[in-house]
Amino acid sequence: MAVTRCVCFQQRFADLLPLVRRSGWTTLDEISRGTGCGSGCRGCRPYLAQMLATGATCFRVAMDGEPPQPCPPDPWDRD
């Protein structure tokens with residue numbers, strides 16, 4: 001199963017990325033202040049960081065402390 005959203009605030013990364021770019025946010029703290037994402041359980045923070053770094057919005061589950069890797073969305077999670 002791919003990671004595509006902040007579960008706490010029900011925000012899809014695909015919807016967040018355009019907002020992040022329009023708003024000029026470049027840090028996780030700016031995203032958290034603007035949307036709440038990354039401030040709840042904080043589980044999405046590594047994925048948000050990779051979204052900022054790569055522009056990807058869908059990731060494999062991160063394992064063993066490695067950064068999340070982009071992947072194609074699951075069929076049920078496409079626009």
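I began at Thr 27, which sits in the loop between helix 1 and helix 2; helices here are DSSP runs (H or I, at least four residues; strands are E, at least two), numbered from the N terminus. The model is predicted, so I noted the ground rules: local features need pLDDT of at least 70, side-chain atom pairs count only at pLDDT 80 or more, and totals for chains, interfaces and linings use all residues. Residues are numbered from 1 along each chain as its sequence is written, and side-chain values use heavy atoms, with hydrogens and water left out.

**Entry 1: Thr 27**

I looked up its accessibility and found Thr 27 partly exposed, at a relative accessible area of 34%. My scale calls a residue buried under 20% relative accessible area, exposed over 50%, and partly exposed in between (1.4 Å probe, protein chains only). I also checked Thr 27 against Ala 49: 22 residues apart in sequence, their C-alpha atoms are 7.8 Å apart in space.

**Entry 2: helix 3 and what covers it**

Which residues of helix 3 are buried? For this helix, residues 45–54, I listed Arg 45, Tyr 47, Leu 48, Gln 50 and Met 51. Their cover includes helix 1 (13–23) and helix 2 (28–35).

Ser 32, in helix 2, counts as buried because its relative accessibility is 13%. The side chains of Ser 32 and Arg 45 are joined by a polar contact of 3.4 Å. I take a polar contact as a pair of N or O atoms within 3.5 Å; within protein, one must be able to donate a hydrogen and the other to accept it, and residues adjacent in sequence count only if both atoms are side-chain atoms. Setting aside residues up to four places away in sequence, Ser 32 touches Cys 37, Gly 38, Ser 39 and Arg 45, where contact means heavy atoms within 4.5 Å.

**Entry 3: the core**

Next I opened the largest nonpolar core, which has 16 residues. Such a core is a set of buried Ala, Val, Leu, Ile, Met, Phe, Trp, Tyr and Cys residues joined through side-chain atoms within 4.5 Å. Those with the most contacts inside it are Phe 13, Leu 16, Ile 31, Cys 37, Leu 48, Met 51 and Phe 59. Helix 1, helix 2 and helix 3 each give two or more residues to this core, and helix 1 gives the most, with four.

**Entry 4: Thr 57**

Thr 57 belongs to the segment after helix 3 and is partly exposed, because its relative accessibility is 23%. With neighbours within four places left aside, Thr 57 is in contact with Val 3, Thr 4, Phe 13, Ala 14, Leu 17 and Met 51. For Leu 17, 40 residues away along the chain, the C-alpha separation is 7.5 Å.

**Entry 5: positive phi**

Most residues other than glycine have a negative phi, so I looked for exceptions. Arg 42, in the loop between helix 2 and helix 3, has a positive phi of about 70° and is partly exposed at 48%. Asp 64, in the segment after helix 3, has a positive phi of about 55° and is exposed at 79%.
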